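Let's walk through this fold together, one piece at a time. Have the structure open and turn it as you read.

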Amino acid sequence: MKTRTLGSKSKLEVSALGLGCMGMSDFYGPASEEEAIATIHEALDRGVTFLDTADIYGPFTNERLVGRALEGRRDGVVLATKFGNVRQEDGTFVGIDGRPEYVRQACDASLKRLGVDHIDLYYQHRVDRQTPIEETVGAMAELVRAGKVRHLGLSEASAATIRRAHAVHPITALQTEYSLWTRDPEDEIFPTIRELGIGFVPYSPLGRGFLTGRFRSAADFAEGDFRASNPRMSGDNLAKNVALADRVKEIAAEKKVTPGQLALAWVLAQGNDIVPIPGTTKRTHLGENLAAVDVQLGAAELARLGAAFPKNVAAGERYPERGMKSVNG
């Protein structure tokens, strides 16, 4: 497995592809815990060193699952988790909390669930607009000094917020949605983080699986899969966006790779400071994703994909209204 560096200042080295673990416990419908742990183990065996989870996933159960998978295998793994999106045990969303006291409480709870003595990369999952970012990152910096956290990250933060946060303590990575059909970060985020030496971790680099061509109608979503109500995957937008997935499939077939591999290769080609974290719940899909690191795209191919997927090409917002209010904070 090839490696990349997150943050030119911190020099945090990780595998060129990470593994997003969210779907193993939440949001995408039923998943086998046994297969999920086997998938994590296979990822580690194949050189993946970067695992991503969050306290909100489950809620809380995904951190426990990742912790069990890492028993006896913690060394060499860059473990990332997040705080800030608050849910109750029954899954009810409470809101976003970036208060210093909550930061400390959330970190201790995550350490306990994960069964580890430190978190390698600790993200604020969403920016709390009611708490100055300086206070939140100040509390996160205390966790670094206490040895509970090694590196700090933000998720779905605006360029201005990133600058303010970085002035308090170096930010190693920004995690934000990015893919062929979600190119929003290119205008303001990329120039900012590259100026500051911050790495970029795209989540949903496969468009939540849609760009693989798996979903063509509402019947393709499992019970409990939140994608069935996603604005891009429902109503009139669904048929429009299926045409985009078909375009990926067409170009991938010409190159003799899978649509998912093409979509991941495009993201990887946008810079060596970019480390996507595609999620999967099955070992078969894991192997397909990992092969994307060896797919090379030439200038003409990149130009063709860029023309086929200009900014804002997707029909519909990437989240429902409530979710959109929490991004670019």
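Predicted model: local features only at pLDDT ≥ 70, side-chain atom pairs only at ≥ 80, totals over all residues.

When a packing angle is quoted for two helices, the axes are lines fitted to C-alpha atoms over the stretch in contact, and the angle runs from 0 to 180 degrees between N-to-C directions. Helices α3 and α4 pack at an angle of about 40°, their axes 8 Å apart. Their crossing is right-handed. On the α3 side the contact is made by P100, V103, R104 and C107, while α4 brings E135, T136, A139, M140, E142 and L143. Sorted by class, this contact has 6 nonpolar, 1 polar and 3 charged residues.

Helix α3 (residues 100–114) also meets helix α2 (residues 61–69): the two axes come within 7 Å and cross at roughly 45°. That angle is why α2 counts as oblique to α3. Here the touching residues are E63, R64, V66 and G67 of α2, together with S110, R113 and L114 of α3. The contact of α2 with α3 has 2 nonpolar, 2 polar and 3 charged residues.

The peptide bond leading from G58 to P59 is cis, with omega near -5°.

Now to the sheet. Strands of a sheet pair through backbone hydrogen bonds, either parallel or antiparallel. Which sense do we have here, parallel or antiparallel? The pairing is parallel, and 7 strands form an open sheet in the order β3-β4-β5-β8-β9-β10-β11. At the edges lie β3 (19–20) and β11 (199–203), each of which pairs on one side only. Within the sheet, β9 (residues 149–155) and β10 (residues 173–177) pair over 3 bridges, and L154 stands opposite L174 in β10. Helix α4 (residues 133–145) packs on this sheet, touching β5 (78–83), β8 (119–124) and β9, and its direction makes about 155° with that of β9.

Salt bridges come next. Side chains of opposite charge can pair when their charged atoms come close. The structure holds 28 salt bridges, and one of them joins the side chains of K82 and D52 at 2.6 Å, N to O. This pair links distant parts of the chain, with K82 in strand β5 and D52 in strand β4 (residues 50–52), 30 residues apart.

R87 stands opposite F93 in β7. Together β6 and β7 form a hairpin with 5 residues between them, and in the turn G91 has a positive phi of about 95°.

A positive phi turns up again at S204, a residue other than glycine, where the value is near 50°. You will find S204 in the loop between β11 and α7 (235–255).

Helix α7 and helix α10 (residues 299–308) pack at an angle of about 165°, with their axes 11 Å apart. The two are therefore roughly antiparallel to each other, and their crossing is right-handed. R247, E250, I251, E254 and K255 of α7 make the contact with E301, R304, L305 and A308 of α10. By class, the contact of α7 with α10 has 3 nonpolar, no polar and 6 charged residues.

Note on methods
Residues numbered from 1 in each chain as written. Heavy atoms only, no water. Helix = DSSP H or I, 4+ residues; strand = E, 2+ residues; numbered from the N terminus. Parallel < 35°, antiparallel > 145°, perpendicular 65-115°, else oblique. Contact = heavy atoms within 4.5 Å. Nonpolar A, V, L, I, M, F, W, Y, C, P; charged D, E, K, R; others polar. Pairing = 2+ DSSP bridges. Left-handed = near helix turned anticlockwise from the far one by under 90°. Salt bridge = Lys/Arg side-chain N within 4 Å of Asp/Glu carboxyl O.
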